[in-house]
Amino acid sequence: MDFESGYSQLPVTALAFATDTVLLASDGGSLCVYNTVSGKQIGKKENVIPFGRRIHGIHVHRQTSTPEMHYAVVVVHGAKAWVTVAVTLDNSSSSSSCKQAHLRVEHFEEMEDWIMAAHWVCGSRGRLLVALALAHNQVVVCDPQASGRSAVYRARCAEQSILYSAAFHGDSVDELVVAAGTVFNQVVVWRVKHSEKEDGDNKAAQIIHRLQGHAGVVFGVRFSADGKHMASVSDDRTVIAWDLASPSKPKRMFGHQARVWSCLILDSGVLVSASEDGTCRVWDIGSGMAVDSWRQCKKNVWALAASPN
């Protein structure tokens, strides 16, 4: 389906579903909301990430749903800034007739480094926190309800390499694991809370896996829903599926004709990748074979999202 484009010609660099039929999409530094059934834009908040910067990540925490309304809180990040946005839809998440979305910025903050990934986690007493992966392989856990500086926990990986990508897995700070795609063609997987040594408030965290298999910088990483598998994509045009129980046996997939920017693992054992060549490719992880491919645009598919169901 073609979505209503409005007036913007900026690339879409981040996507996330709020419900099965409501899609959040970046428009430069603005956040747009679309009904995927009608293809209509049903809401927009201008300059969520200000000063001409682009949104590079959208992460949804689903909260309340009634027959009349669906409410979600969203963390959005771009460059060094992160924002929480309250999104209210005019009917339930199961309806395809939503015609209006209301967006309200609740918290805005600038970090000291570029943000590569964001993730909702539960803190003590069930408090909702945001974990941020920074470009020098550090994690900061923040309280979005705090006034002023919101950091409540910091950790750093023992390896301080520069990152091109990152992803999280875990529902709480204690469970939180980071996959860090580095400029050294590898993915470093490390646990945030369980540290080998501590240096004041800056914990040097243990490395769980060092995944080597790419011949170029790693532009995208993604965990499976259960955290047992991972996918990575690279400057070398390959897609790799990793079984974290046997990480020494990666499954490489070839087919893209240019750099691969993003990937997504579905529960059905299917992996989707998006590339500079303008295509999205669907892979069967078990066989490592491409099962579908379509050309999305002339050049650069930057972002992927799958509906919750």
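Trainee: A salt bridge is a side-chain nitrogen of Lys or Arg within 4 Å of a carboxyl oxygen of Asp or Glu. Which residues are linked here in a network of salt bridges?

Mentor: D27, K44 and E46 are linked that way. Before going on, this is a predicted model, where local features need pLDDT of at least 70 and side-chain atom pairs count only at pLDDT 80 or more, while totals for chains, interfaces and linings use all residues. Residues are numbered from 1 along each chain as its sequence is written, and side-chain values use heavy atoms, with hydrogens and water left out.

Trainee: How many salt bridges does a search of the whole structure find?

Mentor: The search finds 10. As background, side chains of opposite charge can pair when their charged atoms come close.

Trainee: What does E110 form a salt bridge with?

Mentor: E110 pairs with R53, and their closest N and O atoms are 2.8 Å apart. The two belong to distant parts of the chain, 57 residues apart: E110 is in strand 8 (residues 101–110), and R53 is in the loop between strand 4 (41–45) and strand 5 (57–65). Strands here are DSSP runs of E, at least two residues long, numbered from the N terminus.

Trainee: And E110, is it buried, partly exposed or exposed?

Mentor: Partly exposed, with a relative accessible area of 26%. Buried means under 20% relative accessible area, exposed over 50%, and partly exposed in between, using a 1.4 Å probe and protein chains only.

Trainee: Which side chain meets R154 in a salt bridge?

Mentor: That of E112, at 2.7 Å from N to O. R154 is in strand 12 (residues 151–157) and E112 in the loop between strand 8 and strand 9 (115–122), so this pair ties together parts 42 residues apart in sequence. R154 has a relative accessible area of 23%, and E112 has 40%.

Trainee: What about E159, which residue is its salt bridge partner?

Mentor: R210, with the closest N and O atoms 2.2 Å apart. E159 sits in the loop between strand 12 and strand 13 (163–169) and R210 in strand 16 (residues 202–212), so parts 51 residues apart in sequence are tied together. E159 counts as buried at 18% relative accessibility, whereas R210 is partly exposed at 39%.

Trainee: Change of topic. Which residues touch the most other members in the largest nonpolar core?

Mentor: L24, L31, I58, V76 and V85, out of 24 residues. A nonpolar core is a set of buried Ala, Val, Leu, Ile, Met, Phe, Trp, Tyr and Cys residues joined through side-chain atoms within 4.5 Å. Strand 7 (81–89) is among the strands that each supply at least two residues, and the largest share, 5 residues, comes from strand 7. A second, separate core of 21 residues includes L129, V141, Y153 and V178.

Trainee: Last one, the sheet with order 21-22-23-24. What is its pairing?

Mentor: Antiparallel, in an open sheet of 4 strands. Two strands pair if DSSP finds at least two bridges between them. Strand 21 (260–266) and strand 24 (289–295) stand at the edges with a single partner strand each, so one side of each has no neighbour in the sheet.

Trainee: How many bridges join strand 23 to strand 24?

Mentor: There are 6, with strand 23 covering residues 279–284. R281 has S293 in strand 24 as its bridge partner.
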